[in-house]
Amino acid sequence: MGCAASHDHDSDRGGSRNVADMEKKRLDLDAVADIVRDLCMGKKELHPRTKPTDTDSSRAWTEVLSEPVFGRLCSCPKGTTSPDRLSSRDGRKYVFAFGPETVCGTLLRLEPYEMLVQLGLIPRYIYWKVYKEELPCFLVLFRPDLVQPEPATWDGVIAFISRHYPRCVDKVRKHLPEVKTRSVDDFEKDCSVRFIEALEKPTGPDYMTYDRYMALSDPQPWQTRLFLYCELRLFELFTGDGRTKLHDGSLGEMEYLCDNVALSEFGEGNYRIIPVTVTIPDDVIQKYENEGEK
C-alpha cells in the first residue's frame, strides 16, 4: 500500500509538472507581441522562447495561448507615431478586430501584406491606404476584458447599430434581407456610384455619412448598402457569418466587433502597439497604377 500511495503521489506531481511545463510553453500577450514585432521587422529567426511550432495553426488557441489575445490593424493619419484609439477616424463608433484564433495562425506566420489580405482587406484598399496615402500602420494587441468583442455577424451588426445609430436602425432593417443576398458589385449597378471610390473621398458628394443617410426620408437599398460600406466599413468581403471572405472567394479569419475605445482605457500592461511596415508586391501596385490610380 505504501508503494501504491507513493506511486500515486509521484504521478500527481508528474501531472502537475506537465501542466506547469505546458503553461510555460503557451504564449501570453507579451510573447505574442515579441513574435509579431520580429516578423514586422523582417527577422528570420525568432527568440526560442516565443517561436511557434509547425503545428500551431491547426491547434486550438487555448493550446497555444495562455490567455485570449485580440487585435486590430490601425491605419492612422500621417505623422502619427502611435495610435490612441482602436480607430482614429472621427466619429467611429465600433471597429472590427481579430481574435485568438487569428493570433495562433495568421498573425504569427505571415508577413504584413499577406496578413492584411488574410484578414479580409481587398488589395486595392491596401494599395490606397498604404501606397497612395502613405498612412502609418500599427497593430494593436489587447486583452479583451474592456471591450468584450462579439462575433461579426449580421445580428451583431444590428445590435451595434441599435446601440450607436438608433435613429437609423429601422431603415437598415428594411433593406437587410436584400443587403444580405446581393453583392456590392450588384448594388453599384443600381446607381452611378462606385463604392470604393466614394470611400476614398470622405468629403466628396457620394460618401454616405450617418447624417446624409438620415436626411433621406426613404433611402433606396443601394443607399443603405453604401451607408454600411462608408460609415460601418462593411466592405465587399463582409459575409455576416463571423468569418472574413478573401478576395479569391475562400474563407478567411474569424472576425469580431467591438466598441472603439481609447487605448488608455485598457489599462497599463493590457495592450501592446506594434508599428507595421507593409510592403505591397510590385504587380499589385502596377495593376492599380495602370487603372489610373495616380
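Tutor: The model is a predicted one. Its largest pocket holds about 870 Å³ of space. A total of 37 residues line this pocket, and Arg72, Ser75, Arg92, Tyr125 and Arg233 are the closest to its centre. Four elements each contribute at least two residues to that lining: strands E1 (70–75), E2 (94–98) and E6 (251–259), together with helix H6 (123–132). By class, the lining of the largest pocket comprises 23 nonpolar, six polar and eight charged residues.

The second largest pocket has a volume of about 560 Å³. Its lining consists of 27 residues, with Ile122, Val184, Asp185, Glu236 and Leu237 nearest the centre. Helix H6 gives two or more residues here as well, as do helix H8 (169–181), helix H9 and helix H13 (282–290). In the lining of this second pocket, eleven residues are nonpolar, five are polar and eleven are charged.

Helix H9 spans residues 184–188 and includes glutamate 188. This glutamate is buried, yet it has no salt bridge. The nearest side chain of opposite charge belongs to arginine 194, at 4.9 Å, whereas a salt bridge requires a nitrogen–oxygen distance within 4 Å. Leaving aside residues up to four places away in sequence, glutamate 188 touches Val193, Arg194, Phe195 and Ile196. Arginine 194 is thus both a contact of glutamate 188 and its nearest side chain of opposite charge.

Note on methods: Residues are numbered from 1 along each chain as its sequence is written. This is a predicted model: local features need pLDDT of at least 70, side-chain atom pairs count only at pLDDT 80 or more; totals for chains, interfaces and linings use all residues. Side-chain values use heavy atoms; hydrogens and water are left out. Buried means under 20% relative accessible area, exposed over 50%, partly exposed in between (1.4 Å probe, protein chains only). Lys and Arg count as positive and Asp and Glu as negative; His and the chain ends are not counted. Contact means heavy atoms within 4.5 Å. On a 1 Å grid over the protein atoms alone, a cavity is a set of points where a 1.4 Å probe fits but cannot get out, and a pocket is an open set with protein on both sides within 12 Å along at least five of seven lines; lining residues have an atom within 4 Å of a point. Grid points are joined across faces, edges and corners, and a volume is the space filled by probe spheres set on the points. Ala, Val, Leu, Ile, Met, Phe, Trp, Tyr, Cys and Pro count as nonpolar, Asp, Glu, Lys and Arg as charged, and the others, Gly among them, as polar.
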